[in-house]
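Subject: Structure handover

Hello,

Here is the structure I promised to pass on. Please open it alongside this email.

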Amino acid sequence: MKNLTTIISALAVFGLLSGACNSPAPEGEVTNIADEVNIADLKVAYIVTDSVINNFEYFKEKSAEIAEKGKKYEGELTNRARGFEQEVQNFQNSASTMTMNQARAKEEELVTKERNLVAYRENIMQELSADETKLYNDVYDMIQEYLNDYAAENDLEMILSYTRGGGVWYANKTLDITDSVVKGINDDYKNKEESAPASENEEPSEEE
């Protein structure tokens with residue numbers, strides 16, 4: 001656990017504290033941020049956010065479910081589209097044998113079916129998008145909850161999120177707790193999954 005309490009580099013701290021350091025002090029009052037917060041005492045670590053999310057078993061399982069759901073919808077949409085195309089083709093082949101009223105009625109029917117097909121496509125896209133949004137929200141909540149406990153257990157005052165193009169451009173590798181967090185959050189999830197069926201299937205004892 002020594003690596004978890006390594007002092008953060010001056011560059012990273014500067015980015016976090018520069019706003020406070022640059023704020024003017026009220027006239028007649030002199031404040032020194034160093035007197036309030038000793039930078040050398042900060043205990044900071046970071047995680048590579050994408051790695052934690054992508055290696056989180058819950059995320060992988062739910063992503064696979066959404067992908068499977070998407071394939072099912074795609075198959076249904078393809079079948080409906082093919083059926084509609086065949087119906088259009090049949091109408092084009094037999095239109096010459098129809099009366100004007102019959103042809104007009106069939107055209108209106110096909111237009112309605114086309115609109116329904118487009119609406120169906122939009123609905124399933126919105127549903128899959130909503131599923132994905134909910135998954136990410138759930139995952140972020142679960143990671144946040146785990147990191148709260150992780151920080152308390154490892155005496156950390158701050159855990160940063162390291163992403164390419166994010167706010168942190170450099171961090172000492174010894175501050176990286178990604179692997180530890182991935183293992184811990186997966187173990188925690190596995191334990192909860194294993195204990196859930198037992199509690200759900202447990203029947204209340206009958207009083208004599």
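Below is what was found in it, part by part. Keep in mind that this is a predicted model.

Helix α4

Start with helix α4, which runs over residues 57–94. It has 38 residues. From its first C-alpha to its last it reaches 56 Å, close to the 56 Å expected at 1.5 Å a residue. Several of its residues are buried: Tyr58, Phe59, Gly70, Tyr73, Leu77, Phe84, Glu87 and Phe91. Note that Glu87 is on that list. It comes up again below.

Salt bridges

How many salt bridges does a search of the whole structure find? The count is 13. Side chains of opposite charge can pair when their charged atoms come close. Three of these pairs are worth a look.

One is in α4. Glu65 and Lys62 form a salt bridge, with their closest N and O atoms 3.7 Å apart. The two sit 3 residues apart in helix α4, so about one helical turn separates them. An α-helix has 3.6 residues a turn, so residues three or four places apart point the same way. Glu65 is partly exposed, at 46% relative accessible area. Lys62 is also partly exposed, at 28%.

Next, Glu87 and Lys113. Their side chains meet in a salt bridge at 2.7 Å, N to O. Is Glu87 buried or exposed? Glu87 has a relative accessible area of 19%, so it counts as buried, the cut-off being under 20%. Lys113 is partly exposed, at 32%.

Lys113 has another partner. Glu109 forms a salt bridge with it, the closest N and O atoms being 3.2 Å apart. Glu109 and Lys113 are 4 residues apart in helix α5, so they too are separated by about one helical turn. Glu109 is partly exposed, with a relative accessible area of 34%.

These contacts belong to a network. Salt bridges link Glu87, Lys106, Glu109 and Lys113.

A charged patch

Glu153 lies in helix α5, which spans residues 100–153. Glu153 is exposed, because its relative accessible area is 66% and the cut-off for exposed is over 50%.

Best wishes

Definitions and conventions. Residues numbered from 1 in each chain as written. Predicted model: local features only at pLDDT ≥ 70, side-chain atom pairs only at ≥ 80, totals over all residues. Heavy atoms only, no water. Buried < 20%, exposed > 50% of the residue type's maximum accessible area, 1.4 Å probe, protein only. Expected span 1.5 Å × (residues − 1). Salt bridge = Lys/Arg side-chain N within 4 Å of Asp/Glu carboxyl O.
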